Amino acid sequence: MRTNVEHFKCGIEDGIATIALDRPERKNPLTFESYAELRDWFRDLQYADDVNAVVFASNGGNFSSGGDVHDIIGPLTKMSMKELLAFTRMTGDLVKAMVNCGKPIVAAIDGICVGAGAIIAMASDLRIATPEAKVAFLFTRVGLAGCDMGACAILPRIIGQGRAAELLYTGRSMSAEEGHAWGFHNKLVAADELSSEAHALASRIAAGPTFGNMMTKTMLAQEWSMSIEQAIEAEAQAQAICMQTADFERAYTAFVAKEKPVFEGN
(Lines give C-alpha, C1' and ligand atoms only; values in the text may rest on other atoms or scores of the structure.)
Protein backbone atom coordinates (compact mmCIF):
# COMPACT_ATOMS: atom_id res chain seq x y z
CA MET A 1 0.00 0.00 0.00
CA ARG A 2 1.40 3.40 -0.96
CA THR A 3 2.65 5.75 1.74
CA ASN A 4 3.85 8.52 -0.58
CA VAL A 5 0.78 10.67 -0.01
CA GLU A 6 0.74 14.45 -0.26
CA HIS A 7 -2.13 15.73 1.87
CA PHE A 8 -1.97 13.61 5.04
CA LYS A 9 0.53 11.59 7.06
CA CYS A 10 0.84 7.88 6.35
CA GLY A 11 3.09 5.10 7.57
CA ILE A 12 2.89 1.30 7.59
CA GLU A 13 4.55 -0.96 10.14
CA ASP A 14 3.85 -4.59 11.04
CA GLY A 15 0.66 -4.64 8.99
CA ILE A 16 -0.77 -1.52 10.66
CA ALA A 17 -1.27 1.64 8.60
CA THR A 18 -1.22 4.84 10.65
CA ILE A 19 -2.67 7.92 9.01
CA ALA A 20 -3.42 11.42 10.28
CA LEU A 21 -4.33 14.80 8.92
CA ASP A 22 -1.27 17.01 8.97
CA ARG A 23 -2.11 20.63 9.68
CA PRO A 24 -1.77 20.65 13.47
CA GLU A 25 -1.35 24.42 13.65
CA ARG A 26 -4.98 24.71 12.49
CA LYS A 27 -6.30 21.62 14.29
CA ASN A 28 -6.05 19.47 11.16
CA PRO A 29 -8.81 20.76 8.87
CA LEU A 30 -9.75 18.94 5.69
CA THR A 31 -9.29 20.48 2.25
CA PHE A 32 -10.63 19.52 -1.18
CA GLU A 33 -7.31 17.80 -1.82
CA SER A 34 -7.14 15.84 1.45
CA TYR A 35 -10.75 14.66 1.06
CA ALA A 36 -10.01 13.32 -2.41
CA GLU A 37 -6.67 11.76 -1.50
CA LEU A 38 -8.12 10.02 1.57
CA ARG A 39 -11.00 8.71 -0.56
CA ASP A 40 -8.61 7.30 -3.14
CA TRP A 41 -6.29 5.84 -0.47
CA PHE A 42 -9.13 3.97 1.25
CA ARG A 43 -10.42 2.76 -2.11
CA ASP A 44 -7.00 1.27 -2.85
CA LEU A 45 -6.76 -0.23 0.63
CA GLN A 46 -9.16 -3.07 -0.12
CA TYR A 47 -6.57 -4.48 -2.54
CA ALA A 48 -3.56 -4.05 -0.20
CA ASP A 49 -2.21 -7.27 1.31
CA ASP A 50 0.41 -5.49 3.44
CA VAL A 51 -2.17 -3.71 5.64
CA ASN A 52 -4.41 -5.60 8.05
CA ALA A 53 -5.75 -2.69 10.12
CA VAL A 54 -5.68 1.11 10.19
CA VAL A 55 -5.21 3.64 12.97
CA PHE A 56 -6.60 7.06 12.08
CA ALA A 57 -4.62 9.13 14.54
CA SER A 58 -4.79 12.58 16.05
CA ASN A 59 -1.98 15.04 15.43
CA GLY A 60 -0.76 17.80 17.74
CA GLY A 61 -3.47 17.21 20.32
CA ASN A 62 -6.44 17.29 17.94
CA PHE A 63 -8.16 14.89 15.56
CA SER A 64 -9.72 17.26 13.02
CA SER A 65 -11.54 20.58 12.91
CA GLY A 66 -13.52 19.50 9.82
CA GLY A 67 -13.77 21.32 6.54
CA ASP A 68 -11.40 24.28 6.32
CA VAL A 69 -13.31 27.54 6.61
CA HIS A 70 -11.11 29.38 4.09
CA ASP A 71 -10.18 26.53 1.75
CA ILE A 72 -13.59 24.83 1.58
CA ILE A 73 -16.46 26.78 3.17
CA GLY A 74 -15.66 30.04 1.39
CA PRO A 75 -15.39 28.53 -2.10
CA LEU A 76 -18.58 26.50 -1.57
CA THR A 77 -20.62 29.69 -1.20
CA LYS A 78 -19.68 30.62 -4.78
CA MET A 79 -20.31 27.26 -6.49
CA SER A 80 -23.17 26.23 -8.76
CA MET A 81 -25.57 23.46 -7.75
CA LYS A 82 -23.78 21.01 -10.05
CA GLU A 83 -20.43 21.82 -8.43
CA LEU A 84 -21.88 21.59 -4.94
CA LEU A 85 -23.39 18.17 -5.61
CA ALA A 86 -20.07 16.95 -6.99
CA PHE A 87 -18.42 18.06 -3.73
CA THR A 88 -21.00 16.49 -1.39
CA ARG A 89 -20.88 13.24 -3.35
CA MET A 90 -17.09 13.26 -3.12
CA THR A 91 -17.16 13.67 0.67
CA GLY A 92 -19.72 10.89 0.93
CA ASP A 93 -17.46 8.72 -1.20
CA LEU A 94 -14.80 9.00 1.51
CA VAL A 95 -17.19 7.38 4.01
CA LYS A 96 -18.14 4.72 1.46
CA ALA A 97 -14.46 3.97 0.87
CA MET A 98 -13.84 3.63 4.61
CA VAL A 99 -16.81 1.32 5.06
CA ASN A 100 -15.84 -0.80 2.05
CA CYS A 101 -12.05 -0.91 2.48
CA GLY A 102 -12.15 -4.38 4.09
CA LYS A 103 -9.79 -3.41 6.92
CA PRO A 104 -10.80 -2.54 10.51
CA ILE A 105 -10.22 1.14 11.33
CA VAL A 106 -9.45 2.40 14.83
CA ALA A 107 -9.89 6.15 15.35
CA ALA A 108 -7.63 7.63 18.04
CA ILE A 109 -9.40 10.83 19.07
CA ASP A 110 -7.82 13.66 21.02
CA GLY A 111 -9.02 17.23 21.38
CA ILE A 112 -11.15 18.70 18.61
CA CYS A 113 -13.08 16.22 16.46
CA VAL A 114 -15.82 18.15 14.71
CA GLY A 115 -17.71 18.43 11.43
CA ALA A 116 -16.23 16.14 8.81
CA GLY A 117 -13.66 15.08 11.41
CA ALA A 118 -16.49 13.72 13.56
CA ILE A 119 -17.82 11.93 10.48
CA ILE A 120 -14.44 10.23 9.91
CA ALA A 121 -14.45 9.08 13.53
CA MET A 122 -18.03 7.87 13.14
CA ALA A 123 -17.17 5.95 9.97
CA SER A 124 -14.33 4.12 11.73
CA ASP A 125 -15.02 0.71 13.24
CA LEU A 126 -13.75 1.49 16.74
CA ARG A 127 -12.96 4.68 18.61
CA ILE A 128 -10.53 5.30 21.47
CA ALA A 129 -10.53 8.80 22.94
CA THR A 130 -8.91 10.97 25.57
CA PRO A 131 -10.89 12.80 28.27
CA GLU A 132 -10.16 15.99 26.30
CA ALA A 133 -11.91 14.72 23.15
CA LYS A 134 -14.80 16.90 22.00
CA VAL A 135 -16.93 15.49 19.18
CA ALA A 136 -19.45 17.71 17.43
CA PHE A 137 -21.50 17.43 14.25
CA LEU A 138 -21.49 21.16 13.53
CA PHE A 139 -23.42 21.27 10.28
CA THR A 140 -26.55 23.08 11.53
CA ARG A 141 -24.32 25.72 13.13
CA VAL A 142 -23.11 26.76 9.69
CA GLY A 143 -26.61 26.83 8.22
CA LEU A 144 -26.67 23.29 6.82
CA ALA A 145 -28.56 20.09 7.64
CA GLY A 146 -27.30 17.47 10.05
CA CYS A 147 -27.60 14.86 7.30
CA ASP A 148 -24.02 14.98 6.07
CA MET A 149 -21.87 12.11 4.75
CA GLY A 150 -24.22 9.46 6.16
CA ALA A 151 -24.58 10.90 9.67
CA CYS A 152 -28.34 10.36 9.88
CA ALA A 153 -27.89 6.70 8.94
CA ILE A 154 -24.76 5.76 10.87
CA LEU A 155 -24.77 7.85 14.07
CA PRO A 156 -28.16 6.58 15.36
CA ARG A 157 -26.92 3.01 14.96
CA ILE A 158 -23.99 3.81 17.26
CA ILE A 159 -25.57 5.96 19.98
CA GLY A 160 -29.34 5.68 19.41
CA GLN A 161 -31.89 7.79 17.55
CA GLY A 162 -32.68 10.31 20.28
CA ARG A 163 -29.08 11.06 21.19
CA ALA A 164 -28.08 11.31 17.53
CA ALA A 165 -31.02 13.65 16.85
CA GLU A 166 -29.92 15.95 19.67
CA LEU A 167 -26.35 16.18 18.43
CA LEU A 168 -27.36 16.62 14.78
CA TYR A 169 -30.02 19.27 15.49
CA THR A 170 -28.02 21.34 18.00
CA GLY A 171 -24.46 20.83 16.77
CA ARG A 172 -23.30 20.80 20.39
CA SER A 173 -20.18 18.99 21.54
CA MET A 174 -20.45 15.49 22.93
CA SER A 175 -18.06 15.22 25.86
CA ALA A 176 -15.69 12.28 26.11
CA GLU A 177 -17.65 10.94 29.10
CA GLU A 178 -20.94 11.16 27.18
CA GLY A 179 -19.34 9.53 24.15
CA HIS A 180 -18.11 6.62 26.26
CA ALA A 181 -21.40 6.19 28.12
CA TRP A 182 -23.35 6.32 24.87
CA GLY A 183 -21.16 3.79 23.08
CA PHE A 184 -19.50 6.15 20.61
CA HIS A 185 -16.10 5.70 22.27
CA ASN A 186 -15.03 2.15 23.03
CA LYS A 187 -12.51 3.32 25.61
CA LEU A 188 -11.15 6.47 27.24
CA VAL A 189 -7.41 6.70 27.90
CA ALA A 190 -4.94 9.40 28.92
CA ALA A 191 -3.49 11.47 26.09
CA ASP A 192 -0.02 10.01 26.52
CA GLU A 193 -1.48 6.51 26.17
CA LEU A 194 -3.74 7.18 23.17
CA SER A 195 -1.37 6.12 20.41
CA SER A 196 -0.14 2.99 22.17
CA GLU A 197 -3.68 1.90 23.12
CA ALA A 198 -4.99 2.46 19.59
CA HIS A 199 -2.10 0.55 18.04
CA ALA A 200 -2.42 -2.25 20.59
CA LEU A 201 -6.09 -2.68 19.67
CA ALA A 202 -5.32 -2.53 15.95
CA SER A 203 -2.51 -5.08 16.38
CA ARG A 204 -4.76 -7.41 18.34
CA ILE A 205 -7.35 -7.31 15.58
CA ALA A 206 -4.73 -7.61 12.82
CA ALA A 207 -3.30 -10.72 14.50
CA GLY A 208 -6.64 -12.45 13.95
CA PRO A 209 -7.84 -14.03 10.72
CA THR A 210 -7.62 -11.09 8.33
CA PHE A 211 -9.93 -12.67 5.76
CA GLY A 212 -12.42 -13.25 8.56
CA ASN A 213 -12.03 -9.63 9.68
CA MET A 214 -12.75 -8.46 6.16
CA MET A 215 -15.86 -10.60 6.05
CA THR A 216 -16.98 -9.32 9.45
CA LYS A 217 -16.61 -5.70 8.33
CA THR A 218 -18.42 -6.45 5.08
CA MET A 219 -21.37 -8.04 6.85
CA LEU A 220 -21.58 -5.32 9.50
CA ALA A 221 -22.12 -2.85 6.66
CA GLN A 222 -24.34 -4.95 4.41
CA GLU A 223 -26.71 -6.23 7.08
CA TRP A 224 -28.02 -2.76 7.90
CA SER A 225 -30.51 -3.06 5.06
CA MET A 226 -31.33 -6.76 5.47
CA SER A 227 -34.17 -8.48 7.22
CA ILE A 228 -33.21 -10.93 9.98
CA GLU A 229 -33.85 -13.86 7.64
CA GLN A 230 -31.71 -12.31 4.90
CA ALA A 231 -28.94 -11.57 7.40
CA ILE A 232 -28.89 -15.11 8.76
CA GLU A 233 -28.64 -16.54 5.25
CA ALA A 234 -25.94 -14.04 4.27
CA GLU A 235 -23.93 -14.93 7.36
CA ALA A 236 -24.32 -18.62 6.61
CA GLN A 237 -22.79 -18.06 3.19
CA ALA A 238 -20.05 -15.81 4.57
CA GLN A 239 -19.10 -18.28 7.28
CA ALA A 240 -19.05 -21.19 4.83
CA ILE A 241 -16.58 -19.21 2.71
CA CYS A 242 -14.39 -18.56 5.78
CA MET A 243 -14.46 -22.29 6.58
CA GLN A 244 -12.62 -22.89 3.31
CA THR A 245 -9.65 -20.75 4.35
CA ALA A 246 -6.38 -22.17 5.61
CA ASP A 247 -6.68 -19.97 8.70
CA PHE A 248 -9.69 -22.02 9.81
CA GLU A 249 -7.63 -25.19 9.56
CA ARG A 250 -4.69 -23.49 11.28
CA ALA A 251 -6.93 -22.59 14.22
CA TYR A 252 -8.13 -26.20 14.53
CA THR A 253 -4.61 -27.62 14.32
CA ALA A 254 -3.36 -25.16 16.94
CA PHE A 255 -6.27 -25.96 19.25
CA VAL A 256 -5.59 -29.69 19.07
CA ALA A 257 -1.91 -29.02 19.78
CA LYS A 258 -2.85 -26.63 22.62
CA GLU A 259 -1.01 -23.82 20.87
CA LYS A 260 -1.98 -20.28 19.89
CA PRO A 261 -2.92 -20.10 16.21
CA VAL A 262 -0.81 -17.97 13.88
CA PHE A 263 -3.06 -16.64 11.15
CA GLU A 264 -1.73 -15.82 7.68
CA GLY A 265 -4.78 -14.26 6.06
CA ASN A 266 -5.65 -17.01 3.59
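Visitor: How many salt bridges does the structure hold?
Guide: The structure holds 13 salt bridges. This is a predicted model, in which local features need pLDDT of at least 70 and side-chain atom pairs count only at pLDDT 80 or more, while totals for chains, interfaces and linings use all residues. Residues are numbered from 1 along each chain as its sequence is written, and side-chain values use heavy atoms, with hydrogens and water left out.

Visitor: Why is the contact of Asp44 and Arg2 called a salt bridge?
Guide: The term needs a side-chain nitrogen of Lys or Arg within 4 Å of a carboxyl oxygen of Asp or Glu. For Asp44 and Arg2 the distance from N to O is 3.5 Å, so the pair meets the definition.

Visitor: Which parts does this pair tie together?
Guide: Asp44 belongs to helix 1 (residues 32-45) and Arg2 to the segment before strand 1 (9-13), so the pair ties together parts 42 residues apart in sequence. Helices (H or I, at least four residues) and strands (E, at least two) are DSSP runs, numbered from the N terminus.

Visitor: What makes Asp40 and Arg39 a salt bridge, and is each one buried or partly exposed?
Guide: The closest N and O atoms of Asp40 and Arg39 are 2.9 Å apart, which puts the pair inside the limit. Asp40, at 28% relative accessibility, counts as partly exposed, whereas Arg39, at 17%, is buried.

Visitor: How far apart are Lys96 and Asp93?
Guide: Their closest N and O atoms are 3.6 Å apart, and they form a salt bridge. In helix 3 they are three residues apart, or about one helical turn. Lys96 has a relative accessible area of 52%, so this residue is exposed.

Visitor: Which residues are linked in a network of salt bridges?
Guide: Arg23, Arg26, Asp68 and Asp71 are linked in this way.

Visitor: What makes the nonpolar surface patch?
Guide: Tyr252, Phe255 and Val256 make a patch of about 400 Å². A nonpolar patch joins side chains of Val, Leu, Ile, Met, Phe, Trp or Tyr within 5 Å, from residues with over 30% relative accessible area and no salt bridge. Val256 sits in helix 11 (residues 246-256) and has 52% relative accessibility, so Val256 counts as exposed.

Visitor: What lines the largest pocket?
Guide: The largest pocket has a volume of about 620 Å³. Of its 24 lining residues, Ile73, Leu76, Phe139, Val142 and Leu144 are the closest to its centre. Helix 3 (81-99) gives the largest share of the lining, five residues. By class the lining divides into 16 nonpolar, seven polar and one charged.

Visitor: What lies in the second largest pocket, and what lines it?
Guide: About 420 Å³ of space lies there. The lining has 23 residues, with Gly102, Lys103, Thr210, Phe211 and Met214 nearest the centre. Helix 9 (residues 210-222) gives the most, seven residues. The classes are ten nonpolar, nine polar and four charged. Gly counts as polar and Lys as charged, so Gly102 and Lys103 fall into those two classes.

Definitions and conventions
On a 1 Å grid over the protein atoms alone, a cavity is a set of points where a 1.4 Å probe fits but cannot get out, and a pocket is an open set with protein on both sides within 12 Å along at least five of seven lines; lining residues have an atom within 4 Å of a point. Grid points are joined across faces, edges and corners, and a volume is the space filled by probe spheres set on the points. Buried means under 20% relative accessible area, exposed over 50%, partly exposed in between (1.4 Å probe, protein chains only). Patches are made of residues with over 30% relative accessible area and no salt bridge: like charges are joined within 9 Å, nonpolar side chains (Val, Leu, Ile, Met, Phe, Trp, Tyr) within 5 Å. Accessible areas come from the Shrake-Rupley method with a 1.4 Å probe; for residues, only the protein chains shown count as cover.
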